[in-house]
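Please look through the sequence and the structure shown below before reading on. The briefing that follows takes one topic at a time.

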Amino acid sequence: MAPQQKGKQATKGAKQIVEENVSTLNFYRNMAIASNATSLIILVFYNSPISIFLYLFSCFVYIASYQFMVYMAKTKHSETGQLVDSGVDLNMEGGIAEHVKDIIILTAGCQLLSSAISTYFWLLWLLAPARGFWLAWKNILAPYFFQEAPVDPAANEKKQKKLERRMRRHQ
């Protein structure tokens with residue numbers, strides 16, 4: 001690997017993005033399959049209607065999240081087979097794929113803990129909407145509510161001159 005300069009992150013080539021996207025998709029697919037298989041084995045012996053429903057819902061979450069990531073990472077090739085567009089980098093910091101990967105990790109954790117220990121661990125899924133609200137607050141709502149009023153430069157000059165006149169009179 002080439003040494004990186006301080007303060008600047010090296011840019012990735014299109015081929016490297018495609019390779020990393022494939023390995024990322026494989027990792028999260030395998031995570032979903034492993035947690036689903038483990039949960040299903042436990043569910044066969046200790047099942048309840050709510051556990052079955054939540055198991056099916058988690059399957060839906062895995063499929064939807066994975067398919068969304070596949071859609072984001074879709075590559076485009078020219079007629080000659082040359083790579084034209086590498087798709088979205090799934091490992092980019094601060095991107096939407098980061099949040100989708102977090103959903104898969106949270107779902108796997110909820111599923112395994114609820115299957116092995118207690119069904120109350122399904123309540124950990126409430127962290128997802130809480131995180132969504134936090135992101136909406138931090139990035140959209142708070143800047144809107146707490147933005148500073150626009151400052152009129154002409155009014156500031158008038159106030160400054162008025163203040164200077166008062167200071168001269170009191171001296």
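## Helix α3 and its surroundings

Helix α3, which covers residues 96–116, has 21 residues and reaches 31 Å from its first C-alpha to its last, close to the 30 Å expected at 1.5 Å a residue. The model is predicted, and its chain is made up of five helices and two strands.

**What α3 packs against**

- The buried residues of α3 include A97, V100, K101, I104 and L106, and T107, A108, C110, Q111, S114 and S115 are buried in this helix as well.
- These buried residues of α3 pack against α1, against α2 (49–72) and against α4 (127–145).

**The chain as a whole**

- Read along the sequence, the elements of the chain follow the pattern α-α-β-β-α-α-α.
- Of the 171 residues of the chain, 25% count as buried.
- Among the contacts in the chain with a separation of 6 or more, 61% are accounted for by residues 24 or more positions apart.

**The surface**

- The accessible surface of the chain comes to about 13100 Å², and carbon and sulfur atoms account for 64% of that surface.
- A nonpolar patch on the surface is formed by L40, I41, V44, F45 and Y46, which together have about 610 Å² of accessible area.
- One of the patch residues, I41, has its place in helix α1, which covers residues 14–45.
- I41 counts as exposed because its relative accessible area is 55%, and the cut-off for exposed is over 50%.

Key: Residues are numbered from 1 along each chain as its sequence is written. This is a predicted model: local features need pLDDT of at least 70, side-chain atom pairs count only at pLDDT 80 or more; totals for chains, interfaces and linings use all residues. Side-chain values use heavy atoms; hydrogens and water are left out. Helices (H or I, at least four residues) and strands (E, at least two) are DSSP runs, numbered from the N terminus. Buried means under 20% relative accessible area, exposed over 50%, partly exposed in between (1.4 Å probe, protein chains only). Contact means heavy atoms within 4.5 Å. Accessible areas come from the Shrake-Rupley method with a 1.4 Å probe; for residues, only the protein chains shown count as cover. Patches are made of residues with over 30% relative accessible area and no salt bridge: like charges are joined within 9 Å, nonpolar side chains (Val, Leu, Ile, Met, Phe, Trp, Tyr) within 5 Å. A salt bridge is a side-chain nitrogen of Lys or Arg within 4 Å of a carboxyl oxygen of Asp or Glu. The expected span of a helix is 1.5 Å times one less than its number of residues.
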